Amino acid sequence: MAEFRVWAPKPELVRLDVDGVVHAMRRCDDGWWHAAVPAPPNARYGYLLDDDPTVLPDPRSARQPDGVHARSQLWQPPGPSGAAGTDAGWAGRSVTGAVIYELHVGTFTAAGTFDSAIEKLDYLVDLGIDFVELMPVNSFAGTHGWGYDGVLWYSVHEPYGGPDGLVRFVDACHRRGLGVLIDAVFNHFGPSGNYLPRFGPYLSSASNPWGEGINIAGADSDEVRRYIIGCALRWMRDFHADGLRLDAVHALVDTTAVHILEELAAETRWLSRQLGRPLSLVTESDLNDPRLITPRDRGGYGITAQWDDDIHHAIHTAVSGERQGYYADFGSLATLAHTLRHGFFHAGTYSSFRRRHHGRRLDTSRIPATRLVAYTCTHDQVGNRALGDRPSRQLTPGQLAIKAVLVLGSPYTAMLFMGEEWGASSPFQFFSSHPEPELARATAEGRKAEFAEHGWAADQIPDPQHPQTFARSKLDWDEAGAGDHARLHGLYRDLIALRHSEADLADPWLDHLVVDYDEVRHWIVIRRGRLVIACNLDDKPTRVPVTGELVLAWDPPQIGDRATTLPGHSFAILRSP
């Protein structure tokens, strides 16, 4: 006998369909429906609501072999007694201070599956990566997409390899000492295949840029909150993930006394104790609010770490010279130095992009820099550009090297986006595969209209639905070992090794960080204990008032008794006397 349960307070009648046989279900006062019926381990099943003959998938489905519009399938984790994976010896690791590698399963390799991604894990180990961060792997409509339009949060996207494939991938990572983060989206549902509102009050009256908001604070929201938290814990408990990256948490509108992020942090900590290994929560937030990463016993939410776009903006604008849109407040070396020293640039300061004051100061004496994640690229900062072009399309290899050392030489937790380490030439464009023609057309037209406001011609914007947009976004691994690509890759590997071996680079306290710069001569110097990181952002050689023993450089510097001359677009790491 198999036990089936579904929360469905909206319909008057719920019936269970197992392999085409319809069974009655019993309703309880709390809105849950129950049935225990004979079913094979791989049964296809779904629910019939009221008098509608359409079989709907299970909101907590573990597997959707035929897509999000079809029946669910029972799934039992492989292994003895249903234990997922073979990584019993994995002790886990915390994400703070680590080097994270963000990747999209569908474009990381030509095959675009978990199994093909496993073939590249030894490469990541050789690079020095500590954590792999998977862009969303929950089920979404169509065969390929970014994953942020998920509608069945508990199941694993079948074209990637389904739940069994994810188990194999996590196992393979752990055997190599790699931790795994999974990107989870709890702020909205995708537009195709979202049947949950027919079951219960999952949606709120509010909205965000991606759709209707989630009901986490309104009437009958208790079970919705449990749905979210249960899903989050399941990735870590059943699939052995070492933590989650939580998408755009500023879109989680919660007016209750205990914010859902604080509740999730408390439950994650409880699960960590039960499993006997560290579990990490990393948020994406544009609020610049230190409460997220402040411990719960000090009035915060207790989140492990958060992405820091200010650091990205400060580095990118200083190196590239771009100033459009939300880059307008950034660009100077003074801004870069301030952001590196304080974590946030906007901390109660005026944001011209938002046309209001924004953010709150980070207490750098109590919150270590490792609570913030720094990066030169993310899927957003590349994919949300009109053409999905990477920095490598506009910058010299030396400029890419400067960006790398500013992140990997910083006290922050560091993150790379797949292919960044060799200056990949392939774009990472916005792509989708909505099966509904009207939705496909609306997605393409909306993308063109969005960038038309910023001066782009419609015919320049890639059609998200065109198969070539997806194909163009796949990494070209053949270029990684050639020419400047190979040189940049070697630099990343050396920088990560240095980060892992030098005690001065492990100091997480921003109060110990010293930053000097010259706005006119375009150099910036970061001091980490005895290590001095000197960067020349100009294309001409410049003299920097630092000296010492050479540890690592992009182009050979001329080291004198009192100063060092750096070639254009280069850096040097020196050990001071």
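**Cysteines, salt bridges and an annotated site**

The sulfur of Cys 173 lies 19 Å from the closest cysteine sulfur, that of Cys 231, which is too far for a bond. A disulfide is a pair of cysteine sulfur atoms within 2.5 Å. A search of the whole structure finds 0 disulfides. Cys 377 is likewise in no disulfide, the nearest cysteine sulfur being that of Cys 535 at 16 Å. Cys 173 is buried, with a relative accessible area of 0%, and Cys 377 is buried as well, at 5%. Here buried means under 20% relative accessible area, exposed means over 50%, and partly exposed covers what is in between, with a 1.4 Å probe and protein chains only.

A word on the source of these values. The model is predicted, so local features need pLDDT of at least 70 and side-chain atom pairs count only at pLDDT 80 or more, while totals for chains, interfaces and linings use all residues. Residues are numbered from 1 along each chain as its sequence is written, and side-chain values use heavy atoms, with hydrogens and water left out.

Next comes the overall layout. The protein is divided into domain 1 (2–56), domain 2 (99–503) and domain 3 (514–575), with bounds that come from an automatic or database domain assignment. The centres of domain 1 and domain 3, taken over C-alpha atoms, are 67 Å apart.

How many salt bridges does the structure hold? There are 26 salt bridges, each being a side-chain nitrogen of Lys or Arg within 4 Å of a carboxyl oxygen of Asp or Glu. One of them joins Asp 122 and Arg 176, whose closest N and O atoms are 2.7 Å apart. Asp 122 lies in helix H3 (residues 121–127) and Arg 176 in the loop between helix H4 (162–175) and strand S12 (179–184), so this pair ties together parts that are 54 residues apart in sequence. Helices (H or I, at least four residues) and strands (E, at least two) are DSSP runs, numbered from the N terminus. Asp 122 is partly exposed at 47% relative accessibility, and Arg 176 is partly exposed at 28%.

Another salt bridge is formed by the side chains of Arg 296 and Glu 262, at 3.8 Å from N to O. Arg 296 is in the loop between strand S16 (280–283) and strand S17 (305–307), and Glu 262 is in helix H7 (residues 260–275), so that distant parts of the chain, 34 residues apart, are linked. Arg 296 counts as partly exposed, at 37% relative accessibility.

Glu 322 and Arg 385 also meet in a salt bridge, with 2.9 Å from N to O. This pair ties together parts 63 residues apart in sequence, because Glu 322 lies in the loop between helix H8 (309–320) and helix H9 (333–342), and Arg 385 in the loop between helix H10 (379–383) and helix H11 (397–408). Glu 322 is buried at 16% relative accessibility, and Arg 385 is buried at 18%. Salt bridges that share partners also join Arg 225, Arg 226, Asp 254, Glu 263 and Glu 267 into one network.

Which residues does UniProt list under the feature "active site"? The unreviewed entry places this feature at Asp 247 and Glu 284; UniProt positions are given in the numbering used here, feature names are shortened, and annotations may be inferred rather than shown by experiment. The two residues span 38 residues in sequence, yet no two of their C-alpha atoms are more than 5.3 Å apart, so they gather at one spot.

Asp 247 sits in the loop between strand S15 (243–246) and H7 and is buried, at 8% relative accessibility. Beyond residues up to four places away in sequence, Asp 247 touches Tyr 148, Asp 183, Ala 184, Val 185, Asn 187 and Glu 284, where contact means heavy atoms within 4.5 Å.

Glu 284 is found in the loop between S16 and S17 and is buried, with a relative accessible area of 12%. Its contacts outside four places in sequence include Arg 245, Asp 247, His 250, Trp 307 and Asp 380. The side chains of Glu 284 and Arg 245 are joined by a polar contact of 3.0 Å. A polar contact is a pair of N or O atoms within 3.5 Å; within protein, one must be able to donate a hydrogen and the other to accept it, and residues adjacent in sequence count only if both atoms are side-chain atoms.
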